[in-house]
Amino acid sequence: MREECTPNNPSHSPEVFKHLFFKYREALVLEAHSVLHDISEAEDVVQETFIVIWQKNHLANVPPANYRSYLFSAVRNNCLSQQRKLQTAEKKKAHFLESAPMYDTSNQGDAWEVRLRINQAVQDLPEQRRWAFIKAHLDRKSYREVSQEMGLKMETVRSHVKIALRNLRMMLANLK
């Protein structure tokens with residue numbers, strides 16, 4: 001790679017980036033796979049890492065000699081973030097299942113009615129609270145992602161979800 005081909009030089013930036021992508025992609029996917037143990041997740045993390053690096057021009061302040069180590073560090077950090085995100089989703093799911101009302105599903109008609117009541121309870125929530133709950137719990141998005149999508153502060157989203165859960169527990173308390 002030529003020294004003058006840096007991301008600070010817009011006329012060469014796409015070529016440098018393309019070169020880095022094709023040169024390190026396979027090794028980065030293997031590195032991500034060693035952390036995530038899922039090849040498709042690993043490929044997604046590597047792809048997303050390159051997208052963020054490109055969009056935010058992260059290589060602008062990295063000397064060309066350090067590109068390789070920077071890419072490997074970025075991918076590893078994103079893998080660890082992905083693992084934390086999945087663990088958080090599992091904890092939310094486990095907590096929701098623990099606090100969810102238990103009912104006998106031996107009668108399909110009852111199960112259908114319970115499903116309808118749950119859906120109605122969610123629909124009865126105020127609009128922003130409902131969307132924050134749906135995106136955070138049903139779509140498994142982080143509060144940060146939900147806040148960006150909804151244009152709200154992360155603390156506001158967290159508050160909406162917390163209140164939504166409290167409201168749903170009260171509305172559905174008689175299903176136990």
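The following questions and answers look at how terms are applied to this predicted model.

User: What makes up the chain, in terms of helices and strands?

Analyst: The chain has 7 helices and 0 strands. From the N terminus on, the order is α-α-α-α-α-α-α.

User: Why is the pair of Phe-21 and Phe-50 called edge-to-face?

Analyst: Start with distance. The two ring centres are 5.0 Å apart, and rings pair if their centres lie within 6.5 Å. Now the angle. The planes stand at 80° to each other, and over 60 degrees counts as edge-to-face. So Phe-21 and Phe-50 form an edge-to-face aromatic pair.

User: What does the pair of Phe-21 and Phe-50 tie together?

Analyst: Phe-21 lies in helix α1 (residues 13-36), while Phe-50 lies in helix α2 (residues 39-55). The pair therefore ties together parts that are 29 residues apart in sequence.

User: How do you know whether Phe-21 is buried or exposed?

Analyst: Look at relative accessibility. Phe-21 has 16%, and buried means under 20%. So Phe-21 counts as buried. Phe-50, at 3%, counts as buried too.

User: Why is the pair of Tyr-24 and Phe-72 called edge-to-face?

Analyst: The planes make an angle of 80°, and the cut-off is over 60 degrees. The centre-to-centre distance is 6.5 Å. Tyr-24 and Phe-72 therefore count as an edge-to-face pair.

User: Which helices hold Tyr-24 and Phe-72?

Analyst: Tyr-24 lies in helix α1 and Phe-72 in helix α3 (residues 67-99), so the pair ties together parts that are 48 residues apart in sequence. Both Tyr-24 and Phe-72 are buried.

User: How many aromatic pairs are there, and which residues form one aromatic cluster?

Analyst: The count is 5 aromatic pairs. One aromatic cluster is formed by Phe-17, Phe-21, Phe-22, Phe-50 and Trp-54.

User: What makes the charged end of Lys-92 count as sitting over the ring of Tyr-143?

Analyst: Distance is one part of the test. The charged end of Lys-92 is 4.5 Å from the centre of the Tyr-143 ring, and the cut-off is within 6 Å. A limit of 35 degrees from the ring normal also applies. The charged end of Lys-92 is listed as sitting over that ring.

User: Why is His-160 called buried?

Analyst: His-160 has 14% relative accessibility. Buried means under 20%. His-160 therefore counts as buried. Its place is in helix α7 (residues 154-171). His-160 touches Gln-128, Arg-129, Ala-132 and Leu-152, not counting residues up to four places away in sequence.

User: How do you know that Asn-167 is buried?

Analyst: Asn-167 has a relative accessible area of 18%. The cut-off is under 20%, so Asn-167 is buried. Asn-167 also lies in helix α7. Not counting residues up to four places away in sequence, Asn-167 touches Leu-125 and Arg-129.

User: What share of the chain's residues count as buried?

Analyst: Of the 176 residues, 34% count as buried.

User: What volume does the largest pocket have, and which residues are closest to its centre?

Analyst: The volume is about 1,600 Å³. The lining has 50 residues, and the closest to the centre are Lys-85, Arg-140, Lys-141, Ser-142 and Glu-145.

User: Which helix gives the largest share of the lining of the largest pocket?

Analyst: Helix α3 does, with 14 residues. The lining of the largest pocket divides into 22 nonpolar, 13 polar and 15 charged residues.

Terms used. Residues are numbered from 1 along each chain as its sequence is written. This is a predicted model: local features need pLDDT of at least 70, side-chain atom pairs count only at pLDDT 80 or more; totals for chains, interfaces and linings use all residues. Side-chain values use heavy atoms; hydrogens and water are left out. Rings of Phe, Tyr and Trp (its six-membered ring) pair if their centres lie within 6.5 Å; planes under 30 degrees apart count as stacked, over 60 as edge-to-face and the rest as tilted. Helices (H or I, at least four residues) and strands (E, at least two) are DSSP runs, numbered from the N terminus. Buried means under 20% relative accessible area, exposed over 50%, partly exposed in between (1.4 Å probe, protein chains only). Contact means heavy atoms within 4.5 Å. On a 1 Å grid over the protein atoms alone, a cavity is a set of points where a 1.4 Å probe fits but cannot get out, and a pocket is an open set with protein on both sides within 12 Å along at least five of seven lines; lining residues have an atom within 4 Å of a point. Grid points are joined across faces, edges and corners, and a volume is the space filled by probe spheres set on the points. Ala, Val, Leu, Ile, Met, Phe, Trp, Tyr, Cys and Pro count as nonpolar, Asp, Glu, Lys and Arg as charged, and the others, Gly among them, as polar.
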